[in-house]
Amino acid sequence: MSSDTGSPLLLYTGKTPNGYKASILLEELKLAYGGPDYDAFSIDIRTNVQKEPWFIKLNPNGRIPTLVDRSRNNFTVFESAAILLYLEQHYDKEKKFAFDPVSDPDNYSEMIQWIFFAHGGVGPMQGQNHHFNRYAPEDLPYAKKRYIDETKRLYEVLEIRLSQGREYLAGPGKGVYSLADLNVFPWIRLHEWAMIPTLDEWPSLKAWVNRISERPGVKAGVAVP
Amino acid sequence: MSHGKQFTFYTHKAGPNGWKVVFVLNELGLKYENVYIDLDFQKPGYQDPEFTKYNPNGRIPVLIDHRNNDFVVWESNAIILYLTEKYDTARHISASTPEDKALELQWLFFQASGQGPYFGQAVWFVTYHQEKVPSVIERYQNETRRVLGVLDGVLCKQEWLVGDKYTIADISFIPWSNVAINRILADVEGVNIEKDYPSFYAWHQKLMAKDVVKSAWAERAALIAQ
């Protein structure tokens with residue numbers, strides 16, 4: 001079932017934005033700290049392997065990514081944003097990718113706000129956009145347009161934030177690269193699939209995507225699987 | 001702010017996401033001033049600059065903490081987390097251990113992305129959209145049922161979602177569960193939520209019976225009736 005090389009972490013993932021969120025952070029952690037090592041179990045979600053009973057035992061929602069921490073009694077986490085926060089809590093000791101909730105609570109809260117905005121807004125709505133424009137067997141013009149419009153509206157919200165002299169979504173001043181950016185970047189990166197050919201309409205957002213794309217950890221992460 | 005209360009709370013009389021936060025504010029005994037926004041559900045985001053200066057996403061709820069330099073928080077589950085981090089230090093309604101904290105976040109994210117938005121699309125296509133598009137309605141009704149099934153599958157083995165106690169993880173699901181029962185799946189042939197998802201149903205009724213939830217939900221009914 002898994003390629004058990006003895007890595008402390010096992011990530012069930014796929015070639016999707018939510019999967020890349022986790023693999024990007026894991027690659028960033030490896031570059032920053034030398035670890036932890038992880039095994040990536042690749043799932044093609046079109047085959048519905050993730051709906052099989054053995055996987056449902058790990059994640060009752062039957063979705064990737066799902067993380068199993070073998071070094072901590074096989075503790076299992078689902079929901080991509082929760083995985084990011086879990087990894088950060090245990091493996092980002094110097095808080096290179098987040099803010100300390102106790103000593104820096106307001107920056108931490110802002111980061112959480114943008115994480116929920118992406119998790120509840122960008123992900124599901126751009127996801128519906130992909131469904132109706134790329135996968136649905138029926139041609140439904142209203143649904144196609146509804147979710148393209150909402151995707152654009154959400155991009156505009158990010159643009160509002162970033163055009164306030166910011167390089168990143170959370171953190172003081174120009175901002176600091178954090179989970180807030182990581183949690184939404186893989187979706188924005190896929191804008192063409194969302195029927196949005198260029199990001200020219202949102203120049204700060206476009207610059208932010210280019211900035212993040214250049215990071216070695218990001219390049220490594222989007223190659224997994 | 002002249003009202004003298006600790007919080008200003010921008011919300012909506014009927015909308016589900018504001019009431020989630022009200023449950024938590026009341027459980028923690030916190031004092032807040034409601035500002036009810038009149039939302040036009042035909043528009044995707046509230047445009048008034050006096051509001052979007054707080055939340056560029058133009059949605060409720062939004063909370064301002066006047067005892068923390070007028071700190072602004074939006075996204076209902078981010079608000080709930082802010083409130084419990086700061087004001088539930090005894091962990092009455094929030095996770096007590098780091099493991100449970102991770103699971104609490106997990107369920108909050110599942111609620112925020114898997115329940116809210118999908119149930120919201122169901123309501124849009126069932127109630128608001130001027131055209132009835134059967135395949136789309138079915139898509140979101142099916143997803144609503146799938147989500148109830150996910151919860152039912154977990155709750156048949158345990159009483160609460162996290163840490164063997166009532167927490168914000170459970171609370172976050174309440175308002176949209178009511179929408180599923182009373183609106184999305186109310187007239188769907190062959191669906192009987194109590195029979196089909198018994199553990200989910202029992203858990204939801206237990207949550208609705210909590211004092212704070214019961215009184216807030218009655219308050220909501222009164223506001224809507226006005």
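A: Start with one residue pair in this predicted model. F7(B) has D65(B) as its bridge partner, and that partner sits in β3(B). The pair belongs to a larger pattern. Strand β1 of chain B covers residues 7–11, and strand β3 of chain B covers residues 62–65. The two run antiparallel and are joined by four bridges.

Now the sheet as a whole. Chain B has an open sheet of four strands, in the order β2-β1-β3-β4. Its pairing is mixed. At the edges are β2 (32–36) and β4 of chain B, each of which pairs on one side only. From one strand to the next, the twist averages 20°.

A helix packs on this sheet. That helix is α1 of chain B, residues 16–27. Helix α1 touches β1, β2 and β3 of chain B. Its direction makes about 155° with that of β1(B).

Next, the contact with the other chain. Chain B gives 43 residues to the contact, and chain A gives 44. Between them the two chains bury about 3,700 Å². Carbon and sulfur atoms account for 61% of that area.

Polar links cross this interface too. The rule finds 20 residue pairs in polar contact there, counting pairs with both residues at pLDDT 80 or more. Four elements of chain B each supply at least two residues of the side that touches chain A: β4 (71–74), α3 (76–87), α4 (98–128) and α5 (134–155). The edge strand β4 of chain B is thus also one of the elements on the side that touches chain A. The largest share, 17 residues, comes from α4(B). By class, this side of chain B has 27 nonpolar, nine polar and seven charged residues.

Salt bridges also span the interface of chain B and chain A, and the rule finds three. One joins the side chains of R72(A) and E99(B), at 2.3 Å from N to O.

Chain A has some backbone details of its own. N73(A) is not a glycine, yet its phi is positive, about 60°. This residue lies in the loop between β3 (66–69) and β4 (75–78) of chain A. A cis peptide bond joins G35(A) and P36(A), with omega about 0°. P36(A) is in the loop between α1 (17–33) and β2 (38–42) of chain A. Another cis peptide bond joins V224(A) and P225(A), again with omega about 0°. P225(A) lies in the segment after α9 (216–221) of chain A.

Conventions
Residues are numbered from 1 along each chain as its sequence is written. Chains are lettered from A and ligands numbered from 1 in the order in which they are written. This is a predicted model: local features need pLDDT of at least 70, side-chain atom pairs count only at pLDDT 80 or more; totals for chains, interfaces and linings use all residues. Side-chain values use heavy atoms; hydrogens and water are left out. Contact means heavy atoms within 4.5 Å. Buried area is the accessible area (1.4 Å probe) that two parts lose on being put together, summed over both. A salt bridge is a side-chain nitrogen of Lys or Arg within 4 Å of a carboxyl oxygen of Asp or Glu. A polar contact is a pair of N or O atoms within 3.5 Å; within protein, one must be able to donate a hydrogen and the other to accept it, and residues adjacent in sequence count only if both atoms are side-chain atoms. Ala, Val, Leu, Ile, Met, Phe, Trp, Tyr, Cys and Pro count as nonpolar, Asp, Glu, Lys and Arg as charged, and the others, Gly among them, as polar. Two strands pair if DSSP finds at least two bridges between them. Axes are lines fitted to C-alpha atoms, for helices over the stretch in contact, and angles run from 0 to 180 degrees between N-to-C directions.
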